[in-house]
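Subject: Handover of a structure and notes on its contents

Dear colleague,

Please find the structure below, handed over for your use. My notes on it follow directly after.

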Amino acid sequence: MTIHKTRLAVFCSGNGSNFKSIFRAIAEKPLNAEIVLCVSNRSQCGAMEFASQNGIATLHITEKQFGAFDDFAAAMVACLKNAQIDIVLLAGYMRKVPDAVVAAFADKMLNIHPALLPKFGGEGMYGMFVHSAVLEAGETESGATVHFVNEEYDKGKILLQRRVPVLPGDTPESLAARVLECEHTLYPDALEKLLAMQNT
Ligand code: GRF
């Protein structure tokens, strides 16, 4: 009997370290899923290169390629549907996902955020801005959050969260590195949890 593997699209804009950790975890855990598409607003980035090297289809799609935003959104939905995507994972995707795409993947789209939401989230809270804000607030711990995506930045239901300490002398960079290491196990664990939820 062939068991259908859950088909994943991973959206990235940068290094793609989360993309790589999810890819490896699928083989190691193992998970009954496969990354079949890497979507990016950048034609060249770590994630897109890694995808190409590993035989994963890539899709470079940006608003600028279309005359109207609605056409961009419709094309994105069509590409995901054509690829028979079951679940979308945002992993360092630096653009807001069009509402039409979010609606098409309600409860089937996750994002990872490098802080303990609902703190330190929302528009403008990304990258080093997050870690600087955590340090400026004098927090003794930070962490990472995997949450469902809805129409508002970082506001969807939390699926899984993990804490890391803030250490004396931390800089935004040192804290970012500790949080990113945590993300690399958190996102695969969150995916595993979502897959289990979908099988019940
Ligand atoms: C991660 O810190 C993630 O939480 C944030 O963007 C970063 C992406 O890093 N959304 P990478 O591209 O996966 O290395």
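Which residues in α5 meet which residues in α6? In this predicted model, M128, H131, S132, V134 and L135 are the residues on the α5 side, and they meet P172, E173, L175, A176 and V179 in α6. Sorted by class, this contact of α5 with α6 has seven nonpolar, two polar and one charged residues. Helix α5 covers residues 127-136, and its axis comes within 9 Å of that of α6, with a crossing of roughly 110 degrees. The two helices, α5 and α6, are therefore roughly perpendicular to each other, since angles of 65 to 115 degrees count as such.

Helix α6 and helix α1

Helix α6 (residues 172-198) also packs with helix α1 (residues 17-28): their axes come within 9 Å and cross at roughly 45 degrees. That angle makes α1 oblique to α6. The crossing in which α1 passes α6 is right-handed. On the α1 side, the contact involves S17, N18, S21, I22, A25 and I26, which meet L180, E183, H184, Y187, P188 and L191 in α6. By class, the contact of α1 with α6 has seven nonpolar, four polar and one charged residues.

Helix α1 and helix α2

How do the axes of α1 and α2 cross, and within what distance do they come? The axes of α1 and helix α2 (residues 46-53) come within 9 Å and cross at roughly 30 degrees. Helices α1 and α2 are therefore roughly parallel to each other. Here F19, K20, F23 and R24 of α1 make the contact with G46, A47, F50 and A51 of α2. Its classes are five nonpolar, one polar and two charged residues.

The ligand

Which residues surround the ligand? They are N15, G16, S17, N18, G92, I112, H113, P114, L180 and E183. Among them, S17 and N18 of α1 and L180 and E183 of α6 also take part in the contact between those two helices.

- S17: an N or O atom in its side chain is 2.5 Å from an oxygen atom of the ligand.
- G16: a backbone N or O atom lies 2.9 Å from an oxygen atom of the ligand.
- I112: a backbone N or O atom lies 3.2 Å from a nitrogen atom of the ligand.

Backbone geometry

Most residues other than glycine have a negative phi, and most peptide bonds are trans. Against that background, some places in the loops deserve a note. K29 and P30 are joined by a cis peptide bond with omega of about -15 degrees, and P30 lies in the loop between α1 and β2 (33-40). The peptide bond from L117 to P118 is cis too, with omega near 10 degrees; P118 has its place in the loop between β5 (109-113) and α5. Finally, D107, a residue other than glycine, has a positive phi, near 65 degrees. D107 is found in the loop between α4 (99-104) and β5.

With kind regards

Terms used:
Residues are numbered from 1 along each chain as its sequence is written. This is a predicted model: local features need pLDDT of at least 70, side-chain atom pairs count only at pLDDT 80 or more; totals for chains, interfaces and linings use all residues. Side-chain values use heavy atoms; hydrogens and water are left out. Axes are lines fitted to C-alpha atoms, for helices over the stretch in contact, and angles run from 0 to 180 degrees between N-to-C directions. Helices (H or I, at least four residues) and strands (E, at least two) are DSSP runs, numbered from the N terminus. Angles under 35 degrees count as roughly parallel, over 145 as roughly antiparallel, 65 to 115 as roughly perpendicular and the rest as oblique. A crossing is left-handed if the near helix is turned anticlockwise from the far one by less than a right angle, and right-handed if clockwise. Contact means heavy atoms within 4.5 Å. Ala, Val, Leu, Ile, Met, Phe, Trp, Tyr, Cys and Pro count as nonpolar, Asp, Glu, Lys and Arg as charged, and the others, Gly among them, as polar. A residue is near a molecule or strand if one of its heavy atoms lies within 4 Å of it. A polar contact is a pair of N or O atoms within 3.5 Å; within protein, one must be able to donate a hydrogen and the other to accept it, and residues adjacent in sequence count only if both atoms are side-chain atoms.
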